[in-house]
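Please consult the sequence and the structure while reading.

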Amino acid sequence: MVASPRLAQPPAPAQPAAEIPLNSPLHVMALPSCSASPHGLVAIGTTDPEVRLVDLLSGHASQCLLGHREPVKALCWSPVQPFMLCSGGVDGTLRLWDVRGAGCLGLLNPS
């Protein structure tokens, strides 16, 4: 009798390092443009009219950027200024943010 080879067990599903409570559906997410980012923040847009900045190490929201009147649908970190973030909302506006606490630096409103 020939022994049948044992099949390897599939790996266990990866467990999240941290859960991020959003309390509303996720629309868009922007990761830092390089692994050497000095802040380690991910920007998140949901059905709420705000941008949430979440610390990747702790999973906690570090701040909310307020100014849009409707949900945020587009986010992009600057490729050259690590603390600059651009957001676009359903309200038709684009906002440029300095996430170090300076707030909204500029607003583009086509109307």
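## An enclosed strand

In this predicted model, strand S2 is largely enclosed by the rest of the structure, because six of its six residues are buried. Leu41, Ala43 and Gly45 point one way from S2, while Val42, Ile44 and Thr46 point the other way.

Strand S2 has pairing partners. S1 and S2 are antiparallel and share four bridges; in this pairing Leu26 stands opposite Thr46. S2 also pairs with S3 in the antiparallel sense, over five bridges, and here Ala43 stands opposite Leu53. A hairpin is formed by S2 and S3, with three residues between them.

In soluble globular proteins, nonpolar side chains tend to be buried together. The largest nonpolar core of this model contains 13 residues, and Ala43, Val51, Leu53, Leu75, Trp77 and Leu85 have the most contacts inside it. Strands S1, S2, S3 and S5 each supply at least two residues of this core, and the largest share, three residues, comes from S5.

Beyond its neighbours within four places in sequence, Ala43 is in contact with residues including Val28, Val51, Leu75, Trp77 and Leu85.

Asp91 lies in the loop between strands S6 and S7.

The side chain of Asp91 does have polar partners. It reaches the backbone nitrogen of Arg69 at 2.8 Å and makes a polar contact with the side chain of Thr93, also at 2.8 Å.

Definitions and conventions. Residues numbered from 1 in each chain as written. Predicted model: local features only at pLDDT ≥ 70, side-chain atom pairs only at ≥ 80, totals over all residues. Heavy atoms only, no water. Core = buried A, V, L, I, M, F, W, Y, C linked by side-chain atoms within 4.5 Å. Buried < 20%, exposed > 50% of the residue type's maximum accessible area, 1.4 Å probe, protein only. Contact = heavy atoms within 4.5 Å. Polar contact = N/O pair within 3.5 Å; in protein donor to acceptor, adjacent residues only side chain to side chain. Pairing = 2+ DSSP bridges.
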